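Visitor: Could you walk me through reading the features of a model like the one below?

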Amino acid sequence: FDQSSFTTSPTGSLCKYTICPASGVCRIRLDLTSFVIADPITKSDTASTGAGAGKCSVESLTVTSPGMTPPPEICGTNSGQHMFIDVNPANCIDVNININSLDTSTSRKWSIHSKQYTCGSTIAGPTGCLQYHTGTFGNLATFNFDLAATSNTILPTTTHLASQNYDICFRREENKCRTCFSTKFATSFGVSSAPHATIAQAGAGATCTGTLGYADFLEIPGAQVSPLSTTSSEYTVKSAPMGYSRICGRIFSNVAAATAAATVCTHNAPFKIHVNTDDGELVANGGTYITCETCTTPATTTT
């Protein structure tokens, strides 16, 4: 589905694309090769004087799949992202792009490609995984994070989306037994308030309670602590000390109150990250842009 750049909607306020699965299909992948529509509510908007930053208030992409849990509503810049949609082979799905036809100043465009996978396909990822990554190295980000960014700092105008609740899954590659995550840039992480009022810190564990101010977090099952070494780190053994699974705050680390970003690894397969954000922000939190790497465990260590 391709729509070149426009400011005045050529089709009105709703563009709907219907995809009907072929026989035996259980998953449909949508690649957002290019996708830019209006941004969510930001801290600078007059509409966000209270909780509400991150909501797609005027424009959005939604997907309906009868009988299945729908993916979260998204908006803003999502070029390079993808979604796997669980489908009932007997029902078509609808990809809905809602446009504010009264706004003739915002530039929008999209190019969305779909691919169908038969039930049981090993390259489509497990049921329930909204995103699925393969290979030994790659990058991932929360929705509405510009993947073309080269900046080391999340801009004040960058806002992660509200009401996100989904899993990002990773294939365990041959002879690999852990996955490690680190920030793409030193400060390309920020999903909630920091524990300290004036110092950028990591929130972890009980801090990421799901209550106001700390309701947004990443969860990495089996997350481990300590700096990563390429030789004899404790990450090389499954018995390494366990850190907190939930990570929030302004610094990417599963050590509570940390002021420096860390590499966080897990041996818990199947590998995944759970993304959770509530239905609106009191402040404009930037989101997450991180690097993942699946690693071998050296043969000289005990696993």
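Guide: On a 1 Å grid over the protein atoms alone, a cavity is a set of points where a 1.4 Å probe fits but cannot get out, while a pocket is an open set with protein on both sides within 12 Å along at least five of seven lines; lining residues have an atom within 4 Å of a point. Points are joined across faces, edges and corners, and a volume is the space filled by probe spheres set on them. This is a predicted model, with local features needing pLDDT of at least 70 and side-chain atom pairs counting only at pLDDT 80 or more, whereas totals for chains, interfaces and linings use all residues. Residues are numbered from 1 along each chain as its sequence is written, and side-chain values use heavy atoms, with hydrogens and water left out.

Visitor: How many cavities of 30 Å³ or more does the search find?

Guide: Three, over the whole structure.

Visitor: Which residues line the largest cavity?

Guide: Its lining consists of Thr 142, Phe 143, His 160, Leu 161, Gln 164, Tyr 166, Val 275 and Thr 277. To sort them by class, count Ala, Val, Leu, Ile, Met, Phe, Trp, Tyr, Cys and Pro as nonpolar, Asp, Glu, Lys and Arg as charged, and the others, Gly among them, as polar. That gives four nonpolar, four polar and no charged residues.

Visitor: Now an open space: what is the volume of the second largest pocket?

Guide: About 230 Å³. Of its 17 lining residues, Thr 69, Pro 70, Asp 86, Gly 128 and Leu 130 are the closest to the centre. By class, the lining of this pocket divides into nine nonpolar, five polar and three charged residues.

Visitor: Which strands each supply at least two residues of that lining?

Guide: A word on labels: helices (H or I, at least four residues) and strands (E, at least two) are DSSP runs, numbered from the N terminus. Here the strands are β5 (81-86), β8 (129-133) and β10 (165-170).

Visitor: Next, cross-links. How many disulfides does the structure hold?

Guide: A disulfide is a pair of cysteine sulfur atoms within 2.5 Å, and the structure holds six. Counting the bonded cysteines along the chain, the pattern reads 1-5, 2-6, 3-4, 7-8, 9-12, 10-11.

Visitor: Where do the two ends of the Cys 20 to Cys 92 link lie?

Guide: First the bond: Cys 20 and Cys 92 are joined with an S to S distance of 1.9 Å, and the link is right-handed, with 95° about the S-S bond. Cys 20 sits in the loop between β2 (14-19) and β3 (25-36), and Cys 92 in the loop between β5 and β6 (93-98), so distant parts of the chain, 72 residues apart, are linked.

Visitor: And is Cys 20 buried, partly exposed or exposed?

Guide: Buried means under 20% relative accessible area, exposed over 50%, and partly exposed in between (1.4 Å probe, protein chains only). Cys 20 has 45% relative accessibility, so it counts as partly exposed. Cys 92, at 33%, also counts as partly exposed.

Visitor: What is the S to S distance for Cys 26 and Cys 119?

Guide: It is 1.8 Å. The torsion about this S-S bond is about 75°, so the disulfide is right-handed. The link spans 93 residues, from Cys 26 in strand β3 to Cys 119 in the loop between β7 (108-118) and β8. Cys 26 is partly exposed at 24% relative accessibility, and Cys 119 is partly exposed at 41%.

Visitor: What is the handedness of the link of Cys 208 and Cys 248?

Guide: Left-handed, with -90° about the S-S bond; the sulfur atoms are 2.2 Å apart. Cys 208 lies in the loop between β13 (202-204) and β14 (217-219) and Cys 248 in strand β15 (246-249), so parts 40 residues apart in sequence are tied together. Cys 208 is buried at 1% relative accessible area, and Cys 248 is buried at 0%.

Visitor: Last, sheets. What is the strand order of the open sheet of three strands?

Guide: Two strands pair if DSSP finds at least two bridges between them. The order is β2-β6-β4, with antiparallel pairing. β2 and β4 (60-64) are the edge strands, each pairing on one side only. Between β4 and β6 there are five bridges, and Leu 61 stands opposite Ile 97 in β6.
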